[in-house]
Amino acid sequence: MSRKDYPLGQFCADDIRSHTGVPLDAFTLDAVLGGKIGPGDATIHRETLEWQTRIAEEAGYAELAANLRRAAELTAIPNQRILEIYEALRPRRRTYFQLLALSQEIAGMYGADETARYIREAADAYRDTGLLKTDETHE
Amino acid sequence: MQSEADSGHKQGEDSQLRRSRRFAALRARGINKETYITECSDLGLVIMDGPNDPAPSLRIVDGRVAELDGRVPAQFDAIDRFIANYCIDLEKAPRAMAMDSLEIARMLVDIHVSRQEVSAIMRGCTPAKLVQIVSHLNVLEMMSALQKMRQRRTPANQAHVTNWKENAALLAADAAEAAMRGFAEEETTVRVARSAPLSALALLVGSQTGRGGVLTQCAVEESLSLKLAMKGLTSYAETLSVYGTIDSFVDGDDTPWSKGFLASSYASRGVKVRFTSGTGAEALMGYSEGCSMLFLEARCLMMVKGAGTQGVQNGAIACIALPESLPGGVRGVLAENLIATCLGLEVASGNDALASHSDIRKTAKLMLQFLPGTDFITSGYSAVPKRDNLFGGGNFDAEDFDDWLVLQRDMQVDGGLVPVQEKEVIEVRERAARAMQAVYAELGFPPITDEEVAAAAVAHGSEDVPDRDSVADLAAADEFLAGPRTVIDVIAALAKRGFGDVAARVLEMQRQRLTGDYLQTSAIFDDNFKVLSAINDPNDYRGPGSGYRLGGERWQKLQSLPQCLDANELVAKSSPDARLELQERGPAERGTGIEVVIALGPAFGTAMNATLAGLQHADVLRALIAGVEEESVSARVVKVYHTADCAGIGHEAAQLSGSGIAVGIQSKGTTVIQRADLTRLNNLELFSQAPNLTLESYRSIGRNAACYAMGKPPRPVPVKIDNTARLRLIVQTTLLHHREVQQIAESRGIVQLAVSFH
């Protein structure tokens, strides 16, 4: 997919499916009423995000592309875990090693390498600028 | 000499005690309810060029930033580090930083240099360099640059939709109306955080009832906001605040990395995100580090870009009154919008929070974004009355809709709003409230009554709808948030209860989420769910004749205000006065004796029937005659056919008058008292403001004319004082006079009339 395929919904509708594998074409009112579309089905597929990443990159939006690349990885991570990771990245919530462990976990469990690197970089930055959790006794 | 000096001294004392009534009037004006202060850089109360702002610098060693705006890595705070890691294009940086800032500033306003060329340079700049570049521009140059640098070609607007009672039927109705009025995005927020799920739901259902494709969001705490998005109740998020100093950031309980992770999280669920920043926030929070507002904002914007968010809402936002207290504040706010566009970010350009007590000041500030156009001219136009605005009262609100529409029409500028008809609005509001009623019933929420629906359809604000049991509503909201039900259940509920079209649109929003098309920069949807973004609708402004131009069908639509009158129809209307009979008795002769000739304009009583003041011609003529006769002078009525000019009518008639005195009156009511020996444009009395004349005025005019005929002194004619008459009635004057001119018949000259009243 490239910039000329944008909008994907218009030019590549046949290739799009939900995170759960439901094709875009199958997203109809009848399917909803027939109970064939569930709550988890209205979520974007990793591959679609990768296509959008390429489109952003080609159009010169490099940082947006990097964000969409991380987003593609996060499609594999459940909602609750996403909220927990966000909480962990807030100031002074975790120690350096806790953040490194988190980074390893999401690389290992979800193959989220870019995000894992981003968390590692956060851990280093937090360590150098005083944003880590320091007082262990409060845990 | 001594006494002079004494009195001078005394005057000085008096002037200290004396207060000027004019200054008192000025003090009472809205503009003087605001606070103005001198710069105080220690507190960050300075717009640009703060004494602590660093000089731009960048050193790159081994492919890494080794110095950024005067700091080396060991001195970096988390923001410097984030910017150094993710925001500076190290390939472009050496050339950009070596270039003269003034030269780059000139490129910004040079129509021969494309947006992409300038952007490529700006990508390699440090925050201090960005500020230095824009500081060379005056406001007009910044506007011109903004027109070129914004990402999406088509400008748009965002609405704020809330209500004090958090009434879902009213919220849905207002959301539907806002959608119909053309807003591309709608944002709500809540008074009680727990209401968020139901408010987000009402905004979604309402907006899609009004127009398919409106993006919606609910501004609440970050985690809750993400949960609402995950449930499919919102399609974008905006209130992810970033700050230019790390202490402010930590006060907001975030870091650049946590915010960046949030951005990716939303995108991973197919939800559009923009961040929020704006001048003044750091100073307000007490952590400005003595830097200027614009320098800190430039840091924010680089961080936004580094986080990979597609856009930002900036332009001081809620802090607007703080930069406005300082010299150059509004220019600084425009500069921050401009920097964001230069970094390739979508911009929702403020104009949302109440910025002034003065309508002049508010509107003048608005023009800086309204005229160049931005991705969202306001980052929240209050589509509800001020008291219902839970964002703290909007800068422009529902009562300003028509003002906004007229500004668009005046300047041929697309401000994102379209005119609507009252009947259509009531219908769509009712349907949105009904749709909410259906969803509530199907999902087992506390019922929305028919009374509520009927009230919401015609309501202006909260006070027009009944109270609800808020305890029961909040319990339902809690359960909805915690439970498994999502937007899919809402779609099913709508479809089951006969709202198939609304269900289809809400479903289409979910389908769009699967495509990810609206995650690209500056994305909105048009009326047909076609995405418009910087990818397929890139701003291609290159000077006159390029870029977005308001024309064609869209211009026709924007100029067609419901209150706009059809000029041709007005001209065509020709109606005689049924109460006035004017029988023509051949050419008027020169009279003898003490008489007053009353000369009527060509259309008087025959092709027209009333003056600009709305007085019937029969009544006016009767008053004139009565005035003349009051002084025991006889009145003779003629019609002048060969001119429609008031002076001409009076002058010609005076030549025929036995006494040499005549009253000339145009059909629109303008009247003159004329004497035969005076030149055409000289006269005894002229009453040029027809809208201000009453029947009493006309009677006095007749009386005075008779006095002149007898050589008696005249008395003042009473007229109303109304300075707005010309403003209100100039169009009617033009149209009525046109009708009079149409009745001119050169060959008929002046005709004697026999008058009878019915």
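Colleague: Which domains does the assignment give for chain A?

Modeller: Two of them: domain 1 covers 1-75 and domain 2 covers 78-139. Keep in mind that this is a predicted model. The centres of the two domains, taken over C-alpha atoms, sit 28 Å apart. Four residues of domain 1 of chain A and seven residues of domain 2 of chain A make the contact. On the domain 1 side, that comes to one nonpolar, no polar and three charged residues.

Colleague: And what are the domains of chain B?

Modeller: Domain 1 is 45-149 + 235-375, domain 2 is 154-232 + 378-564, and domain 3 is 570-757. Between the centres of domain 1 and domain 3 of chain B there are 67 Å, again over C-alpha atoms. As for the whole chain, the C-alpha atoms of chain B fill a box of roughly 110 × 90 × 55 Å along the principal axes. Chain B holds 30 helices and 19 strands.

Colleague: Why is Asn351(B) called buried?

Modeller: It has 30 other C-beta atoms within 10 Å, and the cut-off for buried is 20 or more, so Asn351(B) counts as buried. Across chain B, buried residues make up 55% of the 758 residues.

Colleague: Why is Asp253(B) called partly exposed?

Modeller: Asp253(B) has 13 other C-beta atoms within 10 Å. Exposed needs 12 or fewer and buried needs 20 or more, so with 13 Asp253(B) ends up partly exposed.

Colleague: What makes the phi of Asp253(B) and of Asn351(B) worth a look?

Modeller: Most residues other than glycine have a negative phi. Asp253(B) has a positive one, near 60°, and Asn351(B) has a positive one of about 55°. Asp253(B) lies in the loop between helix H12 (246-251) and helix H13 (256-268) of chain B. Asn351(B) lies in the loop between strand E9 (346-348) and helix H18 (359-370) of chain B.

Colleague: What kind of peptide bond joins Tyr6(A) and Pro7(A), cis or trans?

Modeller: Cis, with omega at about -5°. Most peptide bonds are trans. Pro7(A) lies in the segment before helix H1 (8-11) of chain A.

Colleague: How do you know that strands E1 and E2 of chain B pair?

Modeller: Pairing takes at least two bridges, and E1 (58-61) and E2 (64-68) of chain B have four, in the antiparallel sense. Leu58(B) stands opposite Leu68(B) in E2(B). The two strands form a hairpin with two residues between them, and Asp62(B) in the turn has a positive phi of about 50°.

Colleague: What makes E13 and E18 of chain B edge strands?

Modeller: Take the sheet first: seven strands form an open sheet in the order E13-E19-E15-E14-E16-E17-E18 of chain B, with mixed pairing. E13 (580-587) and E18 (685-687) each have a single partner strand, so one side of each has no neighbour in the sheet. From one strand to the next, the twist averages 30°. E18(B) pairs with E17 (671-675) of chain B in the antiparallel sense over three bridges, and there Val672(B) has Leu686(B) as its bridge partner.

Colleague: Which residues touch the most other members of the largest nonpolar core?

Modeller: That core has 213 residues, and the ones touching the most other members are Ala169(B), Ala172(B), Val205(B), Met436(B), Ile491(B), Leu494(B) and Val506(B). Leaving aside neighbours within four places in sequence, Ile491(B) is in contact with Val32(A), Ala503(B), Val506(B) and Leu507(B). Another core of 52 residues lies apart from the largest one, with Leu600(B) and Val628(B) among its members.

Colleague: How many residues of each chain are in contact with the other chain?

Modeller: 58 residues of chain B are in contact with 49 residues of chain A. On the chain B side, the elements that give two or more residues include helix H3 (78-86), helix H15 (293-307) and helix H24 (500-515). H24(B) gives the most, with 10 residues. By class, that side has 26 nonpolar, 23 polar and nine charged residues.

Methods. Residues numbered from 1 in each chain as written. Chains lettered and ligands numbered in written order. Predicted model: local features only at pLDDT ≥ 70, side-chain atom pairs only at ≥ 80, totals over all residues. Contact = placed C-beta atoms within 7 Å. Nonpolar A, V, L, I, M, F, W, Y, C, P; charged D, E, K, R; others polar. Domains from an automatic or database assignment. Axes fitted to C-alpha atoms, helices over the stretch in contact; angles between N-to-C directions. Core = buried A, V, L, I, M, F, W, Y, C linked by C-beta atoms within 7 Å.
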